[in-house]
Amino acid sequence: MSDIIQLLPDAIANQIAAGEVVQRPSSALKELLENAVDAGATQVQVIVKDAGKQLIQVVDNGKGMSATDARMSFERHATSKIRQSKDLFSIRTFGFRGEALASIAAVAQVELKTQQADSELGTLIQIEGSEVKKQEPCAGNPGTSVSMKNLFYNVPARRNFLKSNPVEMKHIVEEFQRVALSYPEISFSLYQQDLEVYSLTSGKLSQRIVGLFGKNYKGNLVACEELTPHINVKGYIGKPESAKKTRGEQFFFVNNRYIKSNYLHHAVSSAYEGLIQTDQHPFYVLFLDIDPSHIDINVHPTKTEIKFDDERTIYSVIRSAVKQALGAHHVVPALDFSF
Ligand code: ADP
Ligand code: MG
């Protein structure tokens, strides 16, 4: 009898991991945007061609990487964000799994340019299907630019599975909106095929909402805030009359990370009961601040589903915050926002 088990080569292991991290162009954009924010960028530019199928480029002015780190960043499970398992319970960065760049480079052609503020030269790396094609010093600006070209060029089955450009672009805009909403102090721009989709200057949350969703929100936002020892809720909700029949403008952020939760969505919509039609959806952008030790974000690779220690308390705090805001809105209908 012979032994038949072998460790998979890195390129294959990365490609398998990529299946979970990179489903479509927008999932790569999410990872690249999060890396830019984690790097302390104050300006982030996104360039998209062919709805991300041909190109997604994210340029930031964050802290950049050394030449060695630039190469390391493409290794699987290589991260600067956690060091010990106990760090998993106090995560304040978006990233920590060290999988994104390795995954993206396994299924696309990637060019990274990065430079630290105190160095004269930066580093250029070209990598395709996990294989480094070029690494050399380059002159540039402090910060990092990652270009992802021809996603799934080497996985035709997945490439064919991508949806039409309008559908893929919609996902891209959604990911962009989520990150841009959670960091109104960072300037973000989005270009598609050389056309400007968004150009958002640094400002307050209310300004960011108007920048992303339009001027009609200017008079339609109600501030919402509830501070408890366990959890803080802050943000804006839409006046009942601004509720829409379509979904898509409902946002929860937990410690600045966008999350999906039908349960918490219900907490908000139930607070609107009697104020909007049952087939309408209220606008909301709510930030929940919770001690990271009371949540588990390591449930899913994309981290949009998380576990709370005490979901029911959170539900009732959110519901009461929204009810209170709506109550206050009725007493003082003309809330003044100093834009
Ligand atoms: P993670 O974000 O989970 O650590 P990634 O694969 O996304 O894993 O990135 C690996 C590492 O590369 C990061 O921990 C970080 O140190 C570095 N890195 C990635 N993107 C950037 C960037 N835009 N600016 C500076 N450093 C970056
Ligand atoms: Mg990352």
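Let me start with helix α6 (165-182), which lies across β11, β12 and β13 and runs at about 55° to β11. Contact here means C-beta atoms, placed from the backbone, within 7 Å. Axes are lines fitted to C-alpha atoms, for helices over the stretch in contact, with angles from 0 to 180 degrees between N-to-C directions. Helices (H or I, at least four residues) and strands (E, at least two) are DSSP runs, numbered from the N terminus.

This is a predicted model: local features need pLDDT of at least 70, side-chain atom pairs count only at pLDDT 80 or more, and totals for chains, interfaces and linings use all residues. Residues are numbered from 1 along each chain as its sequence is written, while chains are lettered from A and ligands numbered from 1 in the order in which they are written.

Now the sheet. Five strands form an open sheet with mixed pairing, in the order β9-β10-β13-β11-β12; two strands pair if DSSP finds at least two bridges between them. β9 (221-227) and β12 (257-259) are at the edges with a single partner strand each, so one side of each has no neighbour in the sheet. Further in, β11 (residues 250-254) pairs with β13 (residues 284-290) in the parallel sense over five bridges. Phe-253 has Phe-287 of β13 as its bridge partner.

On to the domains. An automatic or database assignment gives domain 1 (10-200) and domain 2 (215-331). Their C-alpha centres are 29 Å apart. Twelve residues of domain 1 are in contact with 13 of domain 2. On the domain 1 side, α6 gives the largest share, three residues.

Conventions
Contact = placed C-beta atoms within 7 Å.
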